[in-house]
Amino acid sequence: MRVATPGPAFSRPAAPAPRPRTDRAGPTAERHTSVDDRRDAPDGAAAILEACLAGRLSAPVALGRLLLAAPPGDAVATLERALAAVAVPEGDRARRDRLAELRALLGELHAGGVTVAELARSDAGAADAPGDAVARWASFFDRAVAASEEASVALYSLGSPRILERATAEVVALLERWGVLGPERRVLQIGCGVGRIEARLSSKVREAVGIDVSAGMIAAARRRCAHLPNVRFLQTGGRDLRAFGDGAFDLVYAVDTFPYLVAAGMPLVEAHLREAQRVLRSGGDVVILNFSYRGDVAADRRDVARLAAGHGFDVLALGETPFTVWDGVAFHLRRGA
Ligand SMILES: C[S@@+](CC[C@H](N)C(=O)[O-])C[C@H]1O[C@@H](n2cnc3c(N)ncnc32)[C@H](O)[C@@H]1O
């Protein structure tokens, strides 16, 4: 999804979104001669492929970024040619396995994934346009979710429920490891998308609430979780948490949503930290998975540490990379007494 931004978590902005993480494997990435001179590859593809073959980027994330980098109208054929042209040195088992995974995953690419990537590319640049950034994200995600529920929340899923499920399981495992779930806990997700996390958390918490600016996302989330009585969703204006009272939650978390807040401006980020502090009970937790799509984790760590100090949070984890499917960067804060 990160097509440059908004989107589904990927990377370099290609879309109106905050910048997609594609860039992480972009201009500064090391290159490898075996893929450097692929003539058929889209711009930037060599670096992305090399990052994946070297084990620095998962195959789903690499393919999501390659999709964003591919020319419109011909993405799949371009990626097929690019992968077919990769040569792996005899005996390099690890590279051969990763190349095989890339080729197999390309076969799992759904049409909706291609459409979401196209949307992100065509919206690229909107992030910096004047006007209401929150409304632009809502419009982008309404269109994206109509094309693919899976790709709209995570481009790296390629539109595949199976890949998204693997990534979701890793997110939930991290929340469990960090001890922020429990049968008495009420949890709030900012930017809940299609409710894939709530569907998984329902059995692990007392109540799971999701908010989102996109009406299409909220409708999809309600359909997905209609059978879960302790889950509810609310469309909000995206500027605060005014729908909730003081101390209402034990956990406030965001999965790939802060990049859109950051893209809309630091005052919106500050407002959400201030509001999170208000709606959390003392000792409650904040988990942020991906703070920005700037491609500068050191800057993200500095910003999150500063925000935590300014809003009364202790820092328990500052920019960890705990996942194998998704390249999300994880932050854990705790509200002081
Ligand atoms: C990349 S999607 C991730 C969705 C979900 N967290 C997941 O991982 O499945 C980002 C979501 O953030 C939502 N969003 C963007 N800006 C928002 C804001 N200011 N307030 C609430 N939601 C927002 C979008 O509509 C979109 O559903």
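Trainee: Which residue in S3 stands opposite Ala208?
Mentor: Val231 in S3 stands opposite Ala208. Keep in mind that this is a predicted model.

Trainee: In what sense do S2 and S3 pair, and over how many bridges?
Mentor: Strand S2, residues 205-212, pairs with strand S3, residues 231-235, in the parallel sense, and there are 5 bridges.

Trainee: Which helix makes a β-α-β unit with S2 and S3?
Mentor: Helix H11, residues 215-224, does, and the β-α-β unit of S2, H11 and S3 is right-handed.

Trainee: What about S1 and S2, how do they pair?
Mentor: Strand S1, residues 182-190, and S2 also pair in the parallel sense, over 6 bridges.

Trainee: Switching to helix pairs. At what angle do H7 and H11 pack?
Mentor: Helix H7, residues 133-147, packs with H11 at an angle of about 40 degrees, and their axes are 7 Å apart. The two helices are therefore oblique to each other.

Trainee: Which residues meet there?
Mentor: From H7, Phe141, Asp142, Val145 and Ala146 meet Ala215, Gly216, Met217 and Ala220 of H11. By class, that contact has 6 nonpolar residues, 1 polar and 1 charged.

Trainee: Now H3. How many of its residues are buried?
Mentor: 11 of the 11 residues of helix H3, residues 59-69, are buried. Among them are Pro60, Gly64 and Arg65.

Trainee: Which helices do they pack against?
Mentor: The buried residues of H3 pack against H2 (45-53), H4 (75-84), H5 (93-106), H6 (111-122) and H9 (161-177).

Trainee: Take H2. What is its angle with H3?
Mentor: H2 and H3 pack at about 175 degrees, with axes 9 Å apart. They are therefore roughly antiparallel to each other.

Trainee: What residues make up that contact?
Mentor: Ala45, Ile48, Leu49, Ala51 and Cys52 of H2 meet Ala59, Ala62, Arg65, Leu66 and Ala69 of H3. By class, the contact has 9 nonpolar, no polar and 1 charged residues.

Trainee: How many residues of H2 are buried?
Mentor: For H2 the count is 9 of 9. The buried residues include Glu50. Just after H2, Gly55 takes a positive phi of about 85 degrees.

Trainee: Last, the overall picture. How many helices and strands are there?
Mentor: The protein has 14 helices and 7 strands. Of its 337 residues, 55% are buried. Taking contacts between residues at least 6 apart in sequence, 63% join residues at least 24 apart.

Key:
Residues are numbered from 1 along each chain as its sequence is written. This is a predicted model: local features need pLDDT of at least 70, side-chain atom pairs count only at pLDDT 80 or more; totals for chains, interfaces and linings use all residues. Two strands pair if DSSP finds at least two bridges between them. Helices (H or I, at least four residues) and strands (E, at least two) are DSSP runs, numbered from the N terminus. A crossover is right-handed if, with the strands pointing away from the viewer, the path from the first strand over the helix to the second runs clockwise. A residue is buried if 20 or more other C-beta atoms lie within 10 Å of its own, exposed if 12 or fewer, and partly exposed in between; C-beta atoms are placed from the backbone. Two residues are in contact if their C-beta atoms, placed from the backbone, lie within 7 Å. Axes are lines fitted to C-alpha atoms, for helices over the stretch in contact, and angles run from 0 to 180 degrees between N-to-C directions. Angles under 35 degrees count as roughly parallel, over 145 as roughly antiparallel, 65 to 115 as roughly perpendicular and the rest as oblique. Ala, Val, Leu, Ile, Met, Phe, Trp, Tyr, Cys and Pro count as nonpolar, Asp, Glu, Lys and Arg as charged, and the others, Gly among them, as polar.
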